[in-house]
Amino acid sequence: MKIQLIRHATLLIEYKGRTLLLDPMLSEQGALPPVVNTANAVNNPRVPLPFAIAPLLEKLDGIIVTHLHGDHLDQAAISQLPKGLPLFCQPEDQNVLRGHGFTQVIPVDRELAWQEIRLTRTGGQHGTGEIGAKLGPVSGFVLAAQDEPTLYVAGDTIWCTDVADALAAHTPAVVAVNAGAAQFLAGDPITMTAADVVEVCRHAPQATVLPVHLEVWNHCFLTRSQLAEALEAEGLGTQAVILADGEEYVPAGSRLD
């Protein structure tokens, strides 16, 4: 397994000899308006892509979309992605994705097998109260295969029972979490805070935690340096790996072929 953070929640995942793109957001810097009702009215995304995307798209075997918010699947991605690739999603999103022209949309109800990989869909809570209800549904995904470390991508969720249950059920070796503490002017954060990432680390001591979803979208206020400081203060600085845009992570025991 090899994981490359492209930007925000967009991950390139090489797993069991297959290459998957997760939550593609491919807009140029500043091409999209800010999320409204937030304290930081700047255009999105706030940073450029770290490299040219077109060569990457030519080697993809599949796509995973956790949910349909514009910072996880944008119009640039819809325009550029090959439409005939397998696209895995939550069942609620399948018709919209087919409407975008994707011809191999594969909804994952609970789990399925594909190319020697078992994909399991997990739940999440995209905030609390009325805001959380309006922003759902959201999903995460677990990838498991023989001779590969198990990967859990939590998706857009705060720390909640769904995440705790997924960690307990799958004992992943690597956990990617969407941090950034995204927040509107009213209500609580809708993605993981530093305290939430700490909870993930404590509930999955066997795992390397990869916090992503940082410093790209205008309503994400938790920075990499603030998160690193909080994790260090809790003695978790070595368990979490905070990637830079474009940076790769290869866990021990991975196969790259």
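In this predicted model, E14 and K2 form a salt bridge in which the closest N and O atoms lie 3.6 Å apart. The pair ties together distant parts of the chain, with E14 in strand 2 (residues 10-15) and K2 in strand 1 (residues 2-7), 12 residues apart. Both E14 and K2 are buried; K2 counts as such because its relative accessibility is 18%, below the 20% limit. K2 has another partner in E248, and here the closest N and O atoms are 3.7 Å apart. This second pair again joins distant parts of the chain, as E248 sits in strand 13 (residues 248-249), 246 residues away from K2 in strand 1. E248 is partly exposed, with a relative accessible area of 40%. Taken together, K2, E14 and E248 are linked in a network of salt bridges.

The structure holds 7 salt bridges, and one further example is worth a look. E111 forms a salt bridge with R118, with 3.2 Å between the closest N and O atoms. Both partners are partly exposed: E111 has a relative accessible area of 48%, and R118 one of 37%.

Returning to strand 2, the strand that carries E14, one finds it mostly covered, with 6 of its 6 residues buried. In a regular strand, side chains alternate between the two faces of the sheet. Here T10, L12 and E14 point one way, while L11, I13 and Y15 point the other way, and all are buried. Strand 2 has a pairing partner in strand 1, to which it is joined by 5 bridges in an antiparallel arrangement. Within this pairing, L5 stands opposite L11. The hairpin of strand 1 and strand 2 has 2 residues between the strands, and H8 takes a positive phi near 60 degrees there. Strand 2 also pairs with strand 3 (residues 18-22), again in the antiparallel sense and over 5 bridges. In this case L12 stands opposite L21. The hairpin of strand 2 and strand 3 likewise has 2 residues between the strands, and K16 takes a positive phi near 55 degrees in it.

Leaving aside neighbours within four places in sequence, R224 is in contact with L5, L214, E215, I242, L243, A244 and D245. The contact with E215 includes a polar one between the two side chains, at 2.8 Å. R224 counts as buried because its relative accessibility is 18%, under the 20% cut-off.

An α-helix has 3.6 residues a turn, so residues three or four places apart point the same way. In helix 5, V163, A166 and L167 are buried. These residues lie on the same side of helix 5, because they cover an arc of only 100 degrees around the axis. T161, A168 and A169, on the other side of helix 5, are exposed. What do the buried residues of helix 5 pack against? Their partners are strand 8 (117-122), strand 10 (151-153), strand 11 (174-178) and helix 6 (194-203). Just after helix 5, T171 takes a positive phi of about 35 degrees.

Notes
Residues are numbered from 1 along each chain as its sequence is written. This is a predicted model: local features need pLDDT of at least 70, side-chain atom pairs count only at pLDDT 80 or more; totals for chains, interfaces and linings use all residues. Side-chain values use heavy atoms; hydrogens and water are left out. Buried means under 20% relative accessible area, exposed over 50%, partly exposed in between (1.4 Å probe, protein chains only). A polar contact is a pair of N or O atoms within 3.5 Å; within protein, one must be able to donate a hydrogen and the other to accept it, and residues adjacent in sequence count only if both atoms are side-chain atoms. Contact means heavy atoms within 4.5 Å. Helices (H or I, at least four residues) and strands (E, at least two) are DSSP runs, numbered from the N terminus. The arc is that of the directions from the helix axis to the C-beta atoms. A salt bridge is a side-chain nitrogen of Lys or Arg within 4 Å of a carboxyl oxygen of Asp or Glu. Two strands pair if DSSP finds at least two bridges between them.
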